[in-house]
Amino acid sequence: METGSLNTTKAFYSPQEASVDSLTNICSQSTSLKHYPLASDVMNNVLVYDGDSLRQSDDITPFLNEIAFAFRQGPGVIAIKRFYDDLSVIDEMSEVFEQILAAESGYGSGDHFGKQGPQANGRIWNVFQKSADIAPGVFVNYYKNPLLAAVATAWLGPHYQITAQVNIVRPGGAAQVCHRDYHLGFQQPEETARYPLHAQLMSAMLTLQGAIAHTDMPMESGPTKLLPFSQQMPLGYMAYHQRECQDYFEQHCVQVPLEKGDAVFFSPALFHAAGENRTTDFHRCANLMQISSVFGKPMESVDLAHISRQIYPFLAANWQNGTYSEKEKTAILTAASDGYSFPTNLDTDPPIGGLAPETSETLLKRALDEGMDTDTYATVLAQLLEKQRPR
């Protein structure tokens, strides 16, 4: 990321040193399609990709390189049209959302950076694990999307961990205040200032933000407000709290309308906010994803072992009959299990035969490849978890 006129020998900055002038200078850039040959369009400085074209590609590596550059040194945000080619997958998961909402007696609460009260945005926290409990088959079909795996891998590398929260903006629902996101986006500027600048810059590389449209999102429904290139502002985690920067955001932010099944992904350091739903009868619904690097702490506590046990019978029934492509298998294995060996108890879980102990992801794949029955898989998984447990 750009350091601009900052003193590169200095590590600690106060909130007062963050200025709207820096934000203005950085966000004066524009996105040129000639630098992104795989993109199909640029809309309001946001790169737009076609999901159908990406699915037909034999080599996804050029796409990974292109969007990694876009997240870090480009506009910081991309949209993918037709992220899901089969909208029945979206509809089935939306029905699961409705079941969860009913079980939780209506809409969730506690929206970050949003207003509370009768028109507050609705939330389902940890919908990732809840959906696996209610409908394992729907969970598999939804999270085996190879494009999801590709985008997450481009920014975070392998073995990422997904968390997800449904966000419903009701008719008349107010917009959020502009912000950056997890990790340091959830801290007050005085706390952020305690971290050296290199740690602030590094934190943006530990998370990827995503939103999958479960309804159409026309402009009047308030799709996410975005400020392209703002992720490049070094002191942005402190700056977004400032009224001057918030005013600049409101004057220069852009929005991209989406259709059901489309998706948008962006750096957590990008200034953004949910838009105002100006309709009188339209509930805008998105599945928000906070995808974490294996090197960082995810936002929500997710029991991946529980999820893998829940979906194992469904996976086992379809694993060896050609139902899933190799890319789909990789995507669902990563989503539903832990692919990193650490932390563990090396006394009881030593790295025999390699540099690191077996992971639950490797175990899940081995069990499916070998055709283990559900009870056997549950037993060997329990044995692995016991080895990892501190004594």
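Is Lys 260 buried, partly exposed or exposed? Lys 260 is partly exposed, because its relative accessible area is 26%. Here buried means under 20% relative accessible area, exposed means over 50%, and partly exposed is in between, with a 1.4 Å probe and protein chains only.

Before going on, some ground rules. This is a predicted model, where local features need pLDDT of at least 70 and side-chain atom pairs count only at pLDDT 80 or more, while totals for chains, interfaces and linings use all residues. Residues are numbered from 1 along each chain as its sequence is written, and side-chain values use heavy atoms, with hydrogens and water left out.

Now the overall picture. The protein chain has 15 helices and ten strands; these are DSSP runs, H or I of at least four residues for helices and E of at least two for strands, numbered from the N terminus. Of its 391 residues, 55% count as buried. The radius of gyration is 21 Å, which agrees with the value near 21 Å for a compact globule of 391 residues. That radius is taken over C-alpha atoms, and the globule rule is 2.2 Å times the number of residues to the power 0.38.

Back to Lys 260. Lys 260 forms a salt bridge with Asp 91, with the closest N and O atoms 2.8 Å apart. Lys 260 is in the loop between helix H11 (243-252) and strand E8 (263-266) and Asp 91 is in helix H4, so the pair ties together parts 169 residues apart in sequence. Asp 91 is partly exposed, at 33% relative accessibility. A salt bridge is a side-chain nitrogen of Lys or Arg within 4 Å of a carboxyl oxygen of Asp or Glu. The whole structure has 18 salt bridges.

Next, Arg 55. For Asp 85 and Arg 55, the closest N and O atoms are 3.8 Å apart. This pair links distant parts of the chain, 30 residues apart, with Asp 85 in the loop between E3 and H4. Asp 85 counts as exposed, at 57% relative accessibility.

Last, a residue from the interior. Leu 315 lies in helix H12 (residues 304-318), and Leu 315 is buried, with a relative accessible area of 0%.
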